[in-house]
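Biologist: Please take me through this model one feature at a time, giving the general idea before the particular case.

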Amino acid sequence: MDSRNQTYSRQCRFLDETYFITVYDAFIAAFGDYVIPFDLSEQQFRNHIALNAVELKSSVGMIDSEKLVAFTLNGFGLWNGRRTVYDAGTGVLPEFRRRGLGIAMFDVMIPIFKDRGYEQYLLEVITNNKNAVSMYEKLGFGKTRTLSLLELAGEVNFGPDAMIAIELRDIDHPDWELLQTFWDGEPSWQNSVSAIERSRLNKRFVGAFHEGDCLGYIVYSASNGRIAQIAVDPNYRGLGIGSLLLKKLLAEHNGDTAPQVVNIDRSIHEAMTFFENRGFKTKLSQFEMIRAI
């Protein structure tokens with residue numbers, strides 16, 4: 001542990017892999033009454049850690065009488081070219097809330113991460129969680145954009161069939177330089193290129209090809225029907241390619257939950273309209289927030 005944290009060692013400490021089960025149990029308890037409760041298996045929790053580049057040794061827990069009562073899971077990487085810490089989950093057990101534990105953890109972490117050369121802290125928080133939003137604003141975080149979780153409500157409206165011949169096939173080695181030219185905005189941290197590459201074993205990556213050229217693609221989890229990315233070449237939109245990719249997901253989805261689009265930027269109006277016209281509804285929204293450190 002960094003020496004400057006020793007003052008807080010009885011309450012706030014960095015964790016490690018030996019805390020995995022303890023952190024998992026605390027995560028389930030802290031988010032059990034969330035707007036959308038997190039009912040994750042241990043393996044799904046490990047997937048969450050891998051997806052978000054979380055390092056337990058650089059994540060922090062608040063200990064009370066040897067019990068983990070609050071935590072912040074920290075992921076690390078580059079965001080807009082800057083060394084970034086990502087809050088992949090700050091939680092407090094219900095009986096320990098409103099005691100300033102969240103602020104106390106950040107007061108410990110931020111100076112340490114600054115000394116380690118990190119430049120900014122990134123997170124998302126549900127827009128109607130006023131207490132959490134207020135806490136982050138007090139800590140110096142500012143809102144950058146609004147992201148939404150969309151969920152299919154009822155039958156999907158695919159629209160017309162594709163107007164050109166399209167072959168759907170798996171993409172094993174994505175040409176990200178090409179695929180990013182299809183984007184109208186940047187994906188969130190957990191849907192970024194780096195996150196997708198970290199979680200490829202849990203993802204399906206399907207491209208739409210016409211005469212050998214990739215004109216669109218979709219990245220999703222077949223197990224729960226969650227779409228991480230979907231994009232179509234701007235020169236070929238309106239031809240039914242997006243709907244064809246969506247059909248591919250639905251043909252493979254056999255989970256108990258409805259298909260979802262995770263953390264879509266609400267300012268990307270064309271994408272929002274595409275999903276809304278096909279029967280997806282906003283389930284919740286989050287503020288993406290960031291602060292320099």
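**Reading the fold**

Modeller: Let us start with Glu 66, which is found in the loop between β2 and β3; helices (H or I, at least four residues) and strands (E, at least two) are DSSP runs, numbered from the N terminus. This is a predicted model, in which local features need pLDDT of at least 70 and side-chain atom pairs count only at pLDDT 80 or more, while totals for chains, interfaces and linings use all residues. Residues are numbered from 1 along each chain as its sequence is written, and side-chain values use heavy atoms, with hydrogens and water left out.

Biologist: What is the phi of Glu 66, and does Glu 66 count as buried or exposed?

Modeller: Most residues other than glycine have a negative phi. Glu 66, although not a glycine, has a positive phi of about 70°, and at 68% relative accessibility Glu 66 counts as exposed (buried means under 20% relative accessible area, exposed over 50%, partly exposed in between, with a 1.4 Å probe and protein chains only). Asn 80, in the loop between β3 and β4, also has a positive phi, near 55°, and is exposed at 62% relative accessibility.

Biologist: In what order do the 12 strands stand in the sheet?

Modeller: Two strands pair if DSSP finds at least two bridges between them. Here the 12 strands form an open sheet of mixed pairing, in the order β1-β2-β3-β4-β5-β12-β6-β11-β10-β9-β8-β7. At the edges stand β1 (12-14) and β7 (167-170), each of which has a single partner strand, so one side of each is left without a neighbour in the sheet. From one strand to the next the twist averages 30°, where angles run from 0 to 180 degrees between N-to-C directions and axes are lines fitted to C-alpha atoms, for helices over the stretch in contact.

Biologist: How many bridges join β4 to β5, and which strands does helix α3 touch?

Modeller: Strand β4 (residues 82-92) and strand β5 (residues 120-126) run parallel and are joined by 3 bridges, with Tyr 86 standing opposite Leu 122 in β5. Helix α3 (residues 101-115) packs on the sheet and touches β1, β2 (60-64), β3 (67-79), β4, β5 and β12 (280-292), its direction making about 40° with that of β3; contact means heavy atoms within 4.5 Å.

Biologist: Why is β9 described as largely enclosed by the rest of the structure?

Modeller: Of the 9 residues of strand β9 (residues 213-221), 8 are buried, so this strand is largely enclosed by the rest of the structure. On one pairing, 7 bridges join β9 to strand β8 (residues 204-210), and the two run antiparallel; Arg 204 has Tyr 220 of β9 as its bridge partner. These two strands form a hairpin with 2 residues between them, and Glu 211 in the turn has a positive phi of about 50°. In another pairing, β9 and strand β10 (residues 226-232) are antiparallel over 6 bridges, and Ile 218 stands opposite Ile 230 in β10. The hairpin of β9 and β10 has 4 residues between the strands, and Gly 225 takes a positive phi near 70° there.

Biologist: At what angle do the axes of α1 and α2 cross?

Modeller: Two packed helices are described by the angle between their axes and the distance between the axes. The axes of helix α1 (residues 20-30) and helix α2 (residues 42-51) come within 11 Å and cross at roughly 95°. That makes α1 roughly perpendicular to α2 (angles under 35 degrees count as roughly parallel, over 145 as roughly antiparallel, 65 to 115 as roughly perpendicular and the rest as oblique). The contact is made by Phe 20, Ile 21, Val 23, Tyr 24 and Phe 27 of α1, and by Glu 42, Phe 45, Arg 46, His 48 and Ile 49 of α2.

Biologist: Where is Ala 195 found, and which residues does Ala 195 touch?

Modeller: Ala 195 is found in helix α6 (residues 193-198) and, at 0% relative accessibility, counts as buried. Leaving aside residues up to four places away in sequence, Ala 195 touches Leu 51, Trp 189 and Gln 190. Ala 195 and Gly 77 are 118 residues apart in sequence, yet 9.9 Å apart in space, C-alpha to C-alpha.

Biologist: How many helices and strands are there in the protein as a whole?

Modeller: The protein has 8 helices and 12 strands. Buried residues make up 50% of its 293 residues, and along the principal axes the C-alpha trace spans about 65 × 35 × 30 Å.
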